[in-house]
Amino acid sequence: MCQINTDPMKSQVGYLDIVVPPDILDYPTSTDMVVREGSNVNLRCVAKGSPEPVIAWRREGGETIRLLTGEEVSSVDGPILNISRVSRQQMGPYLCIASNGVPPSVSKRIMVIVHFSPMIWIQNQLVGAYEGQQIILECHSEAFPKSINYWTRDKGEIVPQSGKYEPMTLENSYKVHMKLTIRSVNVADYGTYKCVSKNSLGDTDGTIKLYPIPKPSNTYKSKGSPRKDIEDQPDSLQLEEEYSSAAAVEYVRSGIILTSVLIALSLLLQ
């Protein structure tokens with residue numbers, strides 16, 4: 001209040017508001033956490049400032065957040081984020097964002113790591129190949145922590161990296177695409193192959209059966225296919241059939257003429 005001692009006295013009242021940008025408190029706020037798949041996760045974020053900050057949650061990669069109702073949303077407001085029965089798809093970094101209209105807004109990154117044992121999917125469990133063919137066997141696995149992946153044969157022996165066999169793995173987060181290339185298949189290569197995936201929580205495998213098939217024929221006309229009409233045949237075959245038909249007609253005509261001459265001679269001799 002500003003006051004002037006006059007007669008009468010004069011005064012003026014003013015108000016001062018002090019604003020403070022938001023600041024996230026480390027202690028009450030959640031830190032990175034490791035959980036098993038299927039468990040419940042509660043993330044907490046506490047911030048101070050003036051005015052009181054508003055808290056919002058987002059996923060760092062822009063993925064949606066699944067609410068308890070099953071609804072998918074891009075952000076959630078409030079100091080606490082509840083994730084029920086967390087799945088591997090919900091693994092990743094989450095951002096706690098605090099703002100109160102006083103710049104700058106602040107955020108904290110909280111990593112949610114979901115552990116689960118390996119799982120394997122095989123699209124084709126029966127694969128046919130003829131001798132001399134190059135073939136690729138494929139498996140898809142998911143696991144976290146990251147798994148050890150390899151191939152085995154019928155008796156459990158590991159398929160080595162060699163000129164004939166080429167194992168390969170393509171990794172994307174917790175997903176692994178396993179490939180086994182077999183060059184110039186021979187009789188000894190037929191049988192059962194297993195793709196194996198192991199981590200600290202367990203192991204699993206999938207089976208692929210490689211069996212022999214006849215080598216495809218390179219003949220023009222496939223076995224059992226119906227005869228083509230003249231209009232559907234190549235030009236060379238059409239010309240050949242037309243020529244053969246014309247030659248047959250000429251041969252018959254010549255035979256008729258020769259027969260007529262012989263009959264006439266026999267009548268004259270009589």
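**Entry 1: strand 7 and its partners**

I started with strand 7, which pairs with strand 10 (residues 75–77) in the antiparallel sense over three bridges. Strands here are DSSP runs of E, at least two residues long, and helices are runs of H or I of at least four, numbered from the N terminus. Two strands count as paired if DSSP finds at least two bridges between them. Within this pairing I found Ala-56 bridged to Asp-77 in strand 10.

Strand 7 (residues 54–59) also pairs with strand 12 (residues 92–99), again in the antiparallel sense, over six bridges. There, Ile-55 has Ala-98 as its bridge partner.

**Entry 2: a note on the model**

I am working with a predicted model, in which local features need pLDDT of at least 70 and side-chain atom pairs count only at pLDDT 80 or more, while totals for chains, interfaces and linings use all residues. Residues are numbered from 1 along each chain as its sequence is written, and side-chain values use heavy atoms, with hydrogens and water left out.

**Entry 3: the whole protein**

I looked up the overall make-up next: the protein has one helix and 20 strands. Of its 270 residues, 29% are buried (under 20% relative accessible area with a 1.4 Å probe, protein chains only; exposed is over 50%, and partly exposed is in between). Taking contacts (heavy atoms within 4.5 Å) between residues at least 6 apart in sequence, 61% join residues at least 24 apart.

**Entry 4: the cores**

Which residues have the most contacts inside the largest nonpolar core? They are Leu-43, Trp-57, Leu-81, Tyr-94 and Val-114, in a core of 22 residues. Strand 5 (41–44), strand 7, strand 11 (80–83), strand 12 and strand 13 each give two or more residues to this core, and strand 13 gives the most, with four. Apart from this core lies another of 20 residues, including Ile-122 and Met-178. By a nonpolar core I mean buried Ala, Val, Leu, Ile, Met, Phe, Trp, Tyr and Cys residues joined through side-chain atoms within 4.5 Å.

I also checked Val-114: beyond residues up to four places away in sequence, Val-114 touches Val-35, Met-91 and Phe-144, among others.

**Entry 5: Lys-108**

My last stop was Lys-108, in strand 13 (residues 106–121). Lys-108 is buried yet has no salt bridge (a side-chain nitrogen of Lys or Arg within 4 Å of a carboxyl oxygen of Asp or Glu). Its nearest side chain of opposite charge is Asp-26, 4.0 Å away; Lys and Arg count as positive, Asp and Glu as negative, and His and the chain ends are not counted. Leaving aside neighbours within four places in sequence, the contacts of Lys-108 include Asp-26, Thr-29, Tyr-94 and Cys-96.
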